[in-house]
Amino acid sequence: MRETAASQHAYQRLRPDIPEVAFLASGCLPGRSPLSRCSECADACPADALQAEKGALTLADSCLRCGQCAAACPTGALRVSGFPRSETLDGPVEESAAELPVECWRVPRDAMGSGALRVPCLVGLDSGTLAELSALRDAPLVLMNRGWCEACPAGGQSVPMAASVAAAASALEAAGVPAQRRPRIEDRPLPPHRATSKTIPLAECETRLGRRELFRQMAGRSAGGALGGVGLDAPAEGAAETRPLIDKIAALPRQRMARAVQRFASTLPASMAPRLKVDESRCCNQRVCAALCPTGALQAINDQEGSGLDFDPVPCIGCELCVRVCPERALELEPHGGASGPMIRHAHQYCRECRSFCPGTGEGDLCASCAKKYGLLMDGGYELLFGKPAENSRDDAVVPGRDETSPGHLAARGHEKS
Amino acid sequence: MAKWGMVIDLDKCTGCQACTTACGMENDTLPGENWQDVLFYTEGEYPSGRMKWLPRPCMQCEDPSCVHVCPTRATYKDHDAGGIVFIDWDKCIGCKYCMIACPYGVRFFADEAPLVEPDLKEIFPGSGGRLWDPPGQSPDQNRKRGIGVQPKGVVSKCTFCYHRVSQAPEGVPDLDEDDPDLVEYVPACVRTCPPKARYFGDLDNADSNVNKLIANKKGVRLKDHTGNRPQVYYLGAGAGIPAFKPKS
C-alpha cells in the first residue's frame, strides 16, 4: 500500500518498453475521482494507442511518442520526452532579435536554420508551453510547417498545430503582448522525400551520440534507467507521509500559461479566468467542492469570523468537479470573467446542544452531528426509546418525530433553562 | 461469507458507556471521536423529565448512503468481509460527503478542533503521516480497510473490529464472548458490555442467536424508511430513567 502511495506521487512509465511516456497517477482527474469524465489524452492520441479507463491508462505498441496526449492533459499528468520541461522554461527574458524556429524531428538538420528548437512533433507542444516559450524571448516563436503533417501518422490534418498556436496567441494578445512576440506558424514546404523517416524518429536517432554514450544509454535502457530526459521522479522518501490524492496537484499546462501571461499583465485577462458562481440560498457550507478541487483553486476557509470558500481563477482548470460533486447543486462554472477572492462566507452558528460555535449550515440551531443525533429519534426511533405516546397523555410531552422541521426541540426545553 | 450483524437489547443497556471506552481503547480513537457512542436524550421538564439512551455503533448498512455519495469511491461495502462498510484511507480525501450523507452520524473527521480538550494530537504528535501516535497499542494499520490509527486528512469509522472478527473460524453462527474459543474474535464493545446487552453473529445463518433474537423479540432497525437497512438491530422499548409521576 505504501508502494501504491509512492507510485501515485511520482511519474512512472506506462510501459517499460516505451520509456518516452511517463504518467503521474495522482495527477489524473478520473484517477482522483470517478466523477471526472476527462479522456482528453485518449481523444488526442492520433494513433489510438492510448486507452483511458477510470484513471488507468494503457498504451499500445502503436504509440508514436508524439506527445499529443501530454499536450492535451489538463493537469500535466502525462509527460513525453523530447519536449521542453516546465522547470527549464523559468528564467530571465532572452534578448534576441532573431526569431526562434521550432522544427519537428522528421526535418533533417541540414534543411533547417541553426539554433532551432527541435521537438518530436509540433502538435505535442501545448498552448501553455508555446505561450511561455514566446514570453521568454523578445523575438517571435515560429512553428515551421513543412507540409508533411497531413500524410504523417501523428498529424492527419494539414495544420494540426493551429489550435494550440491560436490559443497561445490569443491569450498573449489578451495580456497586451504585441503581435511580433506571439507565436505563429510559417509555411516552409519541403519535398516529402527530405524527411528523415516516415514517422517520428526514436529519441536515439535524434540525439547524436558518441559510441560511449550510445552504449551507456543502451545499458540504461535494458536496466530500466531513464533515457531521453523523460524526467522520472524517484519515489519519495518516507512514502507513508505521502497523501497523493489529498494533496493538490500543480496543473502544469495551466501554470505555464498563467506564468507567461503574468509576465505582461498583473492579473489574468478575463477571457482566461473561469468564473465560479455560487447560489447563496442553496450553499450549505459543506465544502465538499473544495476538498475535491484537484488544483486548489477552490479553498475552504474556516477562521474566527466564519467559514466558506475562496476562489482563485489562476489554478482553475475548469474540470467542473466542484459543480458535479456539490450536494446542493449550488455551483455554476462559466469560462470567463472570474476574479480572485472570497466567494461565500457563512457566519459561525451556536449549537445549543454541544454549546460551541460550529461552521454554519443554515439549517436550524444544531450543528451537523447534533442534528444527526436528534434525527435518530425520527420515524420510529422515538417509539423505540420512549415507547408509544399515550393517546391522552397527561404530561404534554413533545413528540419530536412528528415535527420534521425542528429536529432538536426535544432537548431545547431543557437547555434553554440551563 | 458471513454477514455480521449486531443486536443491542435496550432493555438491558444501562448506558454505562463501557462499550464507548472499550472501542476507544481497542481502536485508539481520539477522545470524543467515538466510533461507538451512547447518545442520551431527555424529555419533559423537571420534575417529570425522562432520560433515555441509545448505543450507536456504525450500522454497516446493507445499502449505505455513504458509499453512494463518495466522490472517490474510497468507502465501500465488502460483502466478502462480513458485509462491513470500510474506508480505503489511500483513496479518502477527507471531503466529508459521507458524513453529510450518513443518517446515523457515525463517521468522524478528527483533523479539526478537538471535541475534548486537551488536544491529544498535539500531546502525542503523529509520525509517518499518522494523525497521532497513541501511547497504547493499536491494531496494525490496514489503510485499505481503515483499521488502526488513521493518517491525516481522512474520515474514520467503526469497522465492527474487523481485525478481530476476521480471525474467527469460518461458519460460526455467533461470536459469543462467553465461548472461550471465540472470545478473542468478538468486537470490543460486545465483549466488554457489562449487562450483556449486545449480541454479535451471522445474519445469514438461520441458526444464529442474533437471528432468533431479532425474530422473537421484534428487532427493529433505526431509520428503516431510508432504505439503508442497517445490520444493527435494537430490541426492547428501552431502559431509562422513567418520568417522575407525582401521586395525585
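Student: In which loop of chain B is B:Pro47 found?
Tutor: B:Pro47 sits in the loop between β2 (37-43) and β3 (50-56) of chain B; helices (H or I, at least four residues) and strands (E, at least two) are DSSP runs, numbered from the N terminus. This is a predicted model, where local features need pLDDT of at least 70, side-chain atom pairs count only at pLDDT 80 or more, and totals for chains, interfaces and linings use all residues. Residues are numbered from 1 along each chain as its sequence is written, chains are lettered from A and ligands numbered from 1 in the order in which they are written, and side-chain values use heavy atoms, with hydrogens and water left out.

Student: Is the peptide bond from B:Tyr46 to B:Pro47 cis or trans?
Tutor: That bond is cis, with omega near 5°.

Student: And what joins B:Glu117 and B:Pro118?
Tutor: A cis peptide bond, with omega about -5°. B:Pro118 belongs to the loop between β6 (107-109) and α4 (120-123) of chain B.

Student: What is the phi of B:Gln17?
Tutor: It is positive, about 70°, although B:Gln17 is not a glycine. B:Gln17 lies in the loop between β1 (4-9) and α1 (18-27) of chain B.

Student: On to the interface. How many residues of chain A are in contact with chain B?
Tutor: 36 residues of chain A are in contact with 44 of chain B, contact meaning heavy atoms within 4.5 Å. The two chains bury about 3,700 Å² between them, 61% of it on carbon and sulfur atoms. Buried area here is the accessible area (1.4 Å probe) that two parts lose on being put together, summed over both.

Student: Which residues of chain A lose the most area to chain B?
Tutor: A:Leu376, A:Leu384 and A:Leu385, which together account for 20% of what that side buries.

Student: How many salt bridges does the rule find across the interface?
Tutor: Zero between chain A and chain B, with a salt bridge taken as a side-chain nitrogen of Lys or Arg within 4 Å of a carboxyl oxygen of Asp or Glu.

Student: Which helix gives the largest share of the chain A side?
Tutor: α13(A), with five residues of the side that touches chain B. By class, that side has 22 nonpolar, six polar and eight charged residues. Ala, Val, Leu, Ile, Met, Phe, Trp, Tyr, Cys and Pro count as nonpolar, Asp, Glu, Lys and Arg as charged, and the others, Gly among them, as polar.

Student: Pockets, then. What volume does the second largest pocket have?
Tutor: About 670 Å³. On a 1 Å grid over the protein atoms alone, a pocket is an open set of points with protein on both sides within 12 Å along at least five of seven lines, a cavity is a set where a 1.4 Å probe fits but cannot get out, and lining residues have an atom within 4 Å of a point. Grid points are joined across faces, edges and corners, and a volume is the space filled by probe spheres set on the points.

Student: Which residues lie nearest the centre of that pocket?
Tutor: Of the 29 lining residues of the second largest pocket, A:Ala71, A:Ser127, A:Gly128, A:Ala167 and A:Met257. α6(A) gives the most to this lining, four residues.
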